[in-house]
Amino acid sequence: ACCCAPVIFTLKLMPLRLQQGIALCYAAVIAGWAIWRLWESDGQPGQIFLSLLVMAFAFGLATNRRIPRRLAAAVCLMVALIAPFGVINPFAAMDFEAMGQTPPELNAILAWMVPFEIFLLASAYILDYGSKKSEETR
């Protein structure tokens with residue numbers, strides 16, 4: 001028996017545990033948003049339906065289902081691709097100037113944008129990590 005076997009076994013389980021942890025965190029945030037929207041819906045059927053649909057998505061993430069995980073990874077990728085264009089553009093600078101404020105400098109924007117992008121891309125990778133392999137072992 002190898003003395004490194006427990007370490008190797010732990011390293012093999014780490015991505016799955018990390019995947020489940022991130023999926024659970026996203027599920028908690030999404031469920032919280034859905035409950036808030038349901039509370040603020042004022043009985044509108046469209047808002048109630050949307051909230052219940054989003055809560056079903058959060059339940060799928062919490063139970064580590066394949067389709068909600070892949071959908072969450074796709075949303076992370078879309079936000080990672082679109083977010084820089086929403087912040088770093090001349091129209092955003094014009095909005096600041098219209099309010100009488102100076103637009104933030106590029107280094108101030110990049111100070112929070114780069115870690116945010118890294119987090120989104122890492123989340124997308126981890127949420128979709130080994131999806132075929134993990135589904136075959138279930």
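This report describes a surface patch, a helix and a salt bridge in a predicted model.

## Basis

Residues are numbered from 1 along each chain as its sequence is written, and side-chain values use heavy atoms, without hydrogens and water. As the model is predicted, local features need pLDDT of at least 70 and side-chain atom pairs count only at pLDDT 80 or more, while totals for chains, interfaces and linings use all residues.

## Nonpolar patch

L71, V75, M78, V79, L81, I82, W112 and F116 form a nonpolar surface patch of about 760 Å². Such a patch joins nonpolar side chains (Val, Leu, Ile, Met, Phe, Trp, Tyr) within 5 Å, from residues with over 30% relative accessible area and no salt bridge. Areas follow the Shrake-Rupley method with a 1.4 Å probe, and for residues only the protein chains shown count as cover.

Helix α3 (66-87) and helix α5 (106-127) each supply at least two patch residues; helices are DSSP runs (H or I, at least four residues) numbered from the N terminus. The largest share, six residues, comes from α3.

## Helix α3

L71 lies in α3 and is partly exposed, at 45% relative accessible area (buried is under 20%, exposed over 50%, partly exposed in between). Buried residues of α3 include P68, R69 and A72.

α3 has a kink of about 25 degrees at L81, shortly before P84; the bend is the angle between axes fitted to the seven residues ending there and the seven starting there.

## Salt bridge

One salt bridge is found in the whole structure, the term meaning a side-chain nitrogen of Lys or Arg within 4 Å of a carboxyl oxygen of Asp or Glu. R70 and D128 form a salt bridge at 2.9 Å, N to O. R70 is in α3 and D128 in the loop between α5 and α6 (131-137), 58 residues apart.

How values were computed:
Patch = residues over 30% accessible without salt bridge, like charges linked within 9 Å, V, L, I, M, F, W, Y side chains within 5 Å. Buried < 20%, exposed > 50% of the residue type's maximum accessible area, 1.4 Å probe, protein only.
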